[in-house]
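Hi,

Here is the structure I promised to pass on.

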Amino acid sequence: MASGSVESLDQMPSALIATVMTKLDISSICSLAVTCRAFNSCASQILSFLPNFHILVNFSGRLLSEIGSRCKDVRSLYLGSVAEKRGRAIHISDLEELLGGCTQLEVLSLMFDISLFLRHNFARVWALASEKLTSLEIGYISSVTVTELLSPNVGPQCPSQLRQSILPSIQKLSLSVDYITDTMVSTISKGLVLLTDLELRDAPLIEPRVTFDLTNSGLQQINQHGRLKHLSLVRSQEFLLTFFKRVNDLGILLMADKCANMESICLGGFCRVTDTGFKTILHSCSNLYKLKVSHGSQLTDLVFHDIAATSLSLAHVSLRWCNLLTNHAIRSLVCNMGLKVLDLRDCKTLGDEALRAISSLCRLRKLLLDGSDITDAGIAYLRQGIISSLISLSVRGCKKLTDKCISALFEGTSNLELKELDLSNLPYLSDNGVLTLAKSRVPISELRMRQCPLIGDTSVMALASMQVDDDRGHGISLRLLDLYNCGGITQLSFRWLKKPYFPRLRWLGVTGSVNRNIVDALAMNRPFLHVACHGEELGTDPWNDTDGSYLHDYEEMDELEQWLQEGEKTEMANTQIPRSNSSCEISRNESSTKKRRMGSGSGSVESLVQLPTALLATIMTKLDISSICLLAITCKTLNKCASSVLSFLRSFHILDLSLSKQLIEPLLPPNPCLKSLKLDCGQLDDSSIELLLRPSLQELCLHNCAYFSGRLLSEIGSRCKDLRSLYLGSAAKESVSAIDLSDVEELLCGCTQLEALSLMLDISGFLRHNFVSTWALASEKLTCLEIGHIPSITVSELLSPNVGPLQGSNQIRPSILPAIQKLSLSVDYITDSMVSTISKGLISLTDLALRDAPLREPGVTFDLTNSGLQHINQHGKLKHLSLVRSQEFLITYFKRVNDLGFLIMADKCANMESICLGGFCRVTETGFKTILHSCSRLCKLKVSHGSQLTDLVFHDIAATSLSLTDVSLRWCNLLTNNAIRNLVCNMALEVLDLRDCKNLGDEALQAITCLHRLKTLQLDGSNITDEGIAYLRHGTINSLISLSVRGCKQLTDKCISALFDGSSKLELQKLNLSNLPNLTDNGVLTLAKSQVAISELRMRHCPNIGDASVVALSSMQVDGRGPGSSLRLLDLYNSSGITQVSFQWLKKPYFPKLRWLGLTGNIHRYIIDILARNRPFLHVSSCGEQLGTDWWNKLEGSYVQ
C-alpha cells in the first residue's frame, strides 16, 4: 500500500475503522491487519468486542462438560472428532453435564463415536436434554441404543418423573449406525412426531441377519405422521460389500404411498429394487427436487424414459454405481433444465453422447463423471455449453482422456467459475496438459491429480507460476493440491512448494516414499499446511457435510499466517524497473501491491536468485511482452532476466498502448530472432523507422501511422525483404510529406515474399496509369489485399487482363495479382464494371468485401445494377461476400438493384458461408429469402438498411438446413418480434445485431433468452423496457461478452438491477448504455456493486450521469481487486453531470488499466492537460469521436477482440 494511502488511513478516526472491521470475520480482520499499521493497531483493539470468532481445534472430553457449565445460553453446537487423538474416550458424565447445562440448545451435532457409552445410562442422560432441541446429528451410535433412546416412557427411574418421550421436539435427525433395522426405523417414525428430515447410514462389519436388517416391513413404517420432507437411507460398503437384500419393489411401493410430499430422497445399496420401484418414487413425489441413488444395480434407462411427462423440477441428481444406465437415460434426464448438481460417478457405460446432452444444462454447478467412458471429443461439448457455470468437475478414472481434454475445456475460455477439478487416475495426462491448465488462468482452488504416472516436477512448477489475475501469481488460487502416487514427482518439486509459492495452500498430498526429512522441512516452512503421505483423501473434517464444500467461499489466508506468526510486515519495494523498460502503465501503488502478493520479501528474492538464469529466460520467452514487463518490476532477478530475454523474442505485440520512441527503444534491442512486430504508432514518426524495421521480420502490423511519411513504405521494401504479412494503418495522414507512388513501388518491388497486404490509407491521388504499372511488380504470392480507399476506375484498370510491363510481346502478363484470394476495398462507387472486372480477373477469389460511400447520387454508369450482380462468383470459388453502401456522407442506396438481381446472384452462391448486404432498399423479402434458401452453408448474414425486409423472410427458416452463428439486421424497421421468434431456432447464434430495428420489444428479448451461446447482442434504438431486459438475466446474460442498449429510451436504472443484481460471475466485458435519458447515478452504483469485469463502458449523452458515477466506478472491485481495476475504456461524452470533481477520481491510482476516456467538450483544457501529465498513456477525447483502436482496423474483429 502506498504511503499516501497509509497517511489517509491514519487521519481517519479509530472508532470509524473499528466499526467497519467488526462487520468482518476473523480471517478478513487478520488479512487487513498486515496491510498497514493503522489497521494492525485497530485490529488488536476490536478483538475485545467481536460478536463472532470461528477457529476449529482438537480437545479432550472435558470440552463437553466445560461447555455445559460455561455456555448456558448456547443454541447451536457442533463438535467434530472430539478426543480422537487424546488416547481416551469421552466419559458419560461429560455428556451429562453438557446436556444438563445447555438448557437452550436447539441444534446439536456430536461427530464422534458414542457407541461405548453404557446404554442404560446413555438413555437416562438424554432425558436431561433441552426440550427445545430440534436438530440432532451423531457421528456413530449403535441401532439398539437408538431404539432404546427413542422408545416411549424412557427417562429418570423415579416413576413420578416418567416422560412420555425423550427428545419430543426433534425435527431433523441424522445418525450413522451399525445396522439400519426395522425396529429402529419404526421407533423413530412413531416416537418423533415432528420429524421432517431423517438421515440414516450404516456400514455393517458382517452380513446382517433378518432381525438386524431393513426389510419391506420397515419401509412401510416410514413417515407415519406425514411430515417427512427429506429422507436418506444408505448402506455403505466401507467395511463389507453388502446391500439391503431384503427390500424389493414392494417395499418402495409401500413407502411411496406416504411420501407424496417428499422433497429429497437418497437411497443407497437397494440392489433388489428395479425400475418399477424407482419409477414409483418419481411419479409419486411431485415436489421432489433432489434424488440420489447409489449401487442401484437394477436401475435402467426406463426409469427416466417418460420423466418429461411428470411435473418434477429436479435440481440435484446423483446416480452412483448404476452400471445399467446408458446415454439414453441422460438424454431423458436433462429435460430438467434447472439441474445444478449431477453425479454420475462409476456409471461405466456413459460416453460422449451423454456429455452432448449435459451441455444444454446452463445452470449446472457440479458435474462428477468418475469412471465413465468419455473421451477428449466428448469433453469438448462442455466447453460449448456448461463450462462457464461449473464450480466443480471430476473426471477421475476416465481412462480414455489425454492432455487434449484440458485444451478442449479451457483453451480460449475466460472468466470461468471453476473451483474444484479432479483429474486423478488418468494414465495419459502429462505435464503438457497441466501447462495448458496453468495458461488458462482458471481460479481453481482444489486440484486433484492422484495416481497420474506421467505427472512430474514440471507440473508443480507450472502451477506455482500460474496467474489467475494479471497482478497475482505464484499459484495464488490453489488451496488443495493432491499429487499422491504421481510417478514423476521428485525432491525438486519441494522447492516450488515452499513460500512464497502457493500462498493459500492448506492440503497437500504427495507420494509416501518421499524422504521424511524433506516433508519435515516443508512443515517448518509452512506450519499451516497439512501434508498427507499415506494416500488419504484430502479436505476438511470428514464428518462435516454441512457447508456444501463445492459452494463455499475461498478467502485469502496468507495474511492470516503472517499475523499469527508475527512475521515481518510487507514493505514497499525499493527497486523499480526504469520507466523506459516497461510497456505497460503501472502505478507505484499497483506495483507495490503486486510485490506484496507475490512475496516481495528477501526470502522470495533469494529463491529466485538461486534459479538458473537460463531456466528463467526459457520460461519468460513463452510470455508476451506485457507479461514480461510486469514480471520485470517484481524483483531485480526477473528485471535482469527480462532485459536479456528481449534480445531473442520471436514476437513483440503491444496494440493497447501508444508508446513514444524513448519508451519503446529499450524494449526493442537488436534481435535477429524477431519475426512478428505489432505496434500502435500514434506517437512515432520517421525517426523510428530504423528502430522498427528488422530484416528478420515476417509479420509487421503498424496501427495509427499518421505521423510517418511515405518513406515508411519505401524503407519497408528495402529493409524487410522476407516480409509475409504487412498492415499499415492511417499512414501519412498527419504528415507534411504525402506518400509518393515511388514509395509504393519500392515496397512492392522489395517485398517479394509478401502474401497479405493491408494499406489502410487513401491512395486515390496516385496517377492511374503509373499506379497500375507499379502493381505489376507485386509478389505473385500475394493472396490477400486490403486498401483503405481507392477509386473504382483505378480498380477496374488495375485488375483488367494484359496489364503489365510492355517491354516485349513475350513479357505481357495475362493478369496482375493472379493469386489474390481475399480482396477488401473501400471505393468511391461500387459499379457494374468494377464488379465484372474483379470477378473475371481474379480466378482464385474466395473473399470479396466492397464498400462505397458516395459524395453525391451516382449515375447509372457509376452504380451497381442487377447486371453487375449477375457477374459475381463467375468461377464458383467465392465463400464470403460483402457489398455495402455507407451513408457516411450522403443518404443513398443501391436503387438500381431489386429482387431480380438477387435471384440471378443466388444461382451462383450456393456455397457461400457469409453474406453482408448494405443499402439494398429495393429488395423485398423475396430476394432475401432466396439467399437464405439457396445458401445452405451460410453461417453469417448481415443486412443493413433493408427497408423492405419483413418478418416473412424468417417465417420458415426452421425448415432450412442453415446453422447461423452471426446475424446482423441493422435499420430493418419493418421487422417485428415475430421475426426474432423464428430466427432463434438457430440455437448456435453467437452474434446478434438488431440495432435501429425500432419495432422490436420485450417479446423479442424473451425469445432471445434461449440462445445460450450468444456472445454479442446489440439492441440500439429498440422499443425494449426494463421488464424485457430481465429476460436476459434468466438466459443469455451468462454467456454475453458484449451488450449494447444505446438509445433505448424506455430503459431506467431498473434495467441495471434486472441484469446484474445478485448475478453470479459474468463474462460481460463491453456494455453500451449511451443515450439513455432515464439512467442516473443510482444505476451506475448498482453496476459497480455487481463486480462485473467490464472493460469497456460507454455512457455518452446521458444527462443524469454525474460525478457520483465516476466515484462509484473508481471504487468498483472485480475479484477483490480495485480501484476500478477492469475498465480500459470509459466514454462519458456529453454526460452533463460530469464536473471537475470527477477528475480527482480519474487520476492514479484509480482506473489503473484505463486507456481511452471520453469527456464533455466544455471541460477546461488545462484540466485535461493535468490529467494527461498524470496519465501519459491515457487517450482523452473531448470532441465526441468514438473511442477505441485504429478505425481502419477490421482484421481483429472490433467488438470481440
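W321 sits in the loop between β9 (316-320) and α13 (327-333); helices (H or I, at least four residues) and strands (E, at least two) are DSSP runs numbered from the N terminus. Its phi is near 55°, a positive value in a residue other than glycine. W321 is partly exposed, at 31% relative accessible area (buried is under 20%, exposed over 50%, partly exposed in between, with a 1.4 Å probe and protein chains only).

Keep in mind that this is a predicted model: local features need pLDDT of at least 70 and side-chain atom pairs count only at pLDDT 80 or more, while totals for chains, interfaces and linings use all residues. Residues are numbered from 1 along each chain as its sequence is written, and side-chain values use heavy atoms, with hydrogens and water left out.

N485 isn't a glycine either, yet has a positive phi of about 65°. You'll find N485 in the loop between β15 (480-482) and β16 (507-509), partly exposed at 38% relative accessible area.

Now the cores, meaning sets of buried Ala, Val, Leu, Ile, Met, Phe, Trp, Tyr and Cys residues joined through side-chain atoms within 4.5 Å. The largest has 183 residues, and I716, W775, F954 and I1008 touch the most other members. A second, separate core of 149 residues includes L99, M184, F410 and A462.

Cheers
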